[in-house]
Amino acid sequence: MRKTGFILLVLAGVLLGAECAFSQDSNAVPEEQKAYEPEQFQDANEVVMAFDGKKITVGYLRNLAPQLTPETVKEVADYWLEVQLLYEEAIKQGLDKDTKTKSIADMEYKKAFASAIMRKVVDKVNITSEQVKRYYNKNQDTDKSLWTMTYLSFSHIMVDDLETAEEVLKKLNEG
């Protein structure tokens with residue numbers, strides 16, 4: 001039971017980390033990485049890692065992280081392998097038959113498509129600050145949605161010491 005709990009805890013941590021990493025704006029690439037893509041990452045069919053008959057290619061990686069660096073390739077490939085191993089363990093333990101797990105998996109699957117359609121729509125919209133100001137000034141007396149406070153949310157990362165916090169902050173700033 002402890003082993004199962006530990007594996008599920010690790011899986012949850014990995015998935016949460018991936019959600020944070022992959023939900024970042026793919027256009028927000030640090031300036032020093034924009035022009036850099038080593039020659040070995042040009043062939044989309046090149047296999048970067050294989051496990052149990054499954055392969056991860058440069059093309060697959062580029063879908064997750066458009067600007068590939070050796071560090072990005074290693075991080076994403078390691079994450080992919082970790083997920084594959086945890087997935088296999090979950091199947092061995094019968095979690096693919098668990099109603100709650102199946103519901104969560106189904107929702108996450110649909111969430112990926114919902115996020116894709118939202119990105120597609122947002123990418124087509126181009127609203128300037130001036131347009132927002134104009135709308136606000138014109139509609140502040142009639143648009144009731146402008147009268148209410150906006151809901152804000154935030155996330156935080158707990159660490160044990162300042163040194164670890166600075167390392168995490170550096171990694172976040174580097175993307």
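**Salt bridges, core and surface of a predicted model**

The count comes to 7 salt bridges in this predicted model, taking a side-chain nitrogen of Lys or Arg within 4 Å of a carboxyl oxygen of Asp or Glu.

User: Which residue forms a salt bridge with Asp-78, and is Asp-78 buried or exposed, or partly exposed?
Analyst: The closest N and O atoms of Asp-78 and Lys-74 are 2.6 Å apart, and a salt bridge requires a separation within 4 Å. Both residues lie in helix H4, 4 residues apart, about one turn of the helix. Asp-78 has 33% relative accessibility and is therefore partly exposed. The partner of Asp-78 is Lys-74.

User: What is the N to O distance in the salt bridge of Lys-110 and Asp-106?
Analyst: Lys-110 and Asp-106 both belong to helix H5 and are 4 residues apart, about one turn of the helix. Lys-110 is partly exposed at 48% relative accessible area, and Asp-106 is partly exposed at 37%. Their side chains meet with an N to O distance of 3.1 Å.

User: Which side chain of opposite charge is nearest to Asp-143?
Analyst: Asp-143 is found in the loop between helix H6 (129-139) and helix H7 (162-173). Asp-143 is buried and has no salt bridge, although a polar contact of 2.6 Å joins its side chain to that of Tyr-135. The nearest side chain of opposite charge is 9.4 Å away, and it belongs to Lys-144.

User: Which element gives the largest share of the largest nonpolar core?
Analyst: The largest nonpolar core has 11 residues, including Phe-41, Met-49, Leu-61 and Trp-80. Helix H3 (58-64) and helix H4 (70-92) are the elements that give two or more residues to this core. The largest share, 4 residues, comes from H4.

User: Which helix gives the most to the nonpolar patch on the surface?
Analyst: The patch is formed by Ile-117, Met-118, Val-121, Val-125, Ile-127 and Val-132, with about 590 Å² of accessible area together. Among them, Met-118 is found in helix H5; Met-118 counts as exposed because its relative accessibility is 54%, over the 50% cut-off. With 3 residues, the helix that gives the most is H5.

User: How far apart are the C-alpha atoms of Arg-62 and Thr-72?
Analyst: Arg-62 lies in helix H3 and is partly exposed, with a relative accessible area of 25%. Arg-62 and Thr-72 are 10 residues apart along the chain, and their C-alpha atoms are separated by 9.9 Å.

Technical notes: Residues are numbered from 1 along each chain as its sequence is written. This is a predicted model: local features need pLDDT of at least 70, side-chain atom pairs count only at pLDDT 80 or more; totals for chains, interfaces and linings use all residues. Side-chain values use heavy atoms; hydrogens and water are left out. Buried means under 20% relative accessible area, exposed over 50%, partly exposed in between (1.4 Å probe, protein chains only). Lys and Arg count as positive and Asp and Glu as negative; His and the chain ends are not counted. A polar contact is a pair of N or O atoms within 3.5 Å; within protein, one must be able to donate a hydrogen and the other to accept it, and residues adjacent in sequence count only if both atoms are side-chain atoms. Patches are made of residues with over 30% relative accessible area and no salt bridge: like charges are joined within 9 Å, nonpolar side chains (Val, Leu, Ile, Met, Phe, Trp, Tyr) within 5 Å. Accessible areas come from the Shrake-Rupley method with a 1.4 Å probe; for residues, only the protein chains shown count as cover. A nonpolar core is a set of buried Ala, Val, Leu, Ile, Met, Phe, Trp, Tyr and Cys residues joined through side-chain atoms within 4.5 Å.
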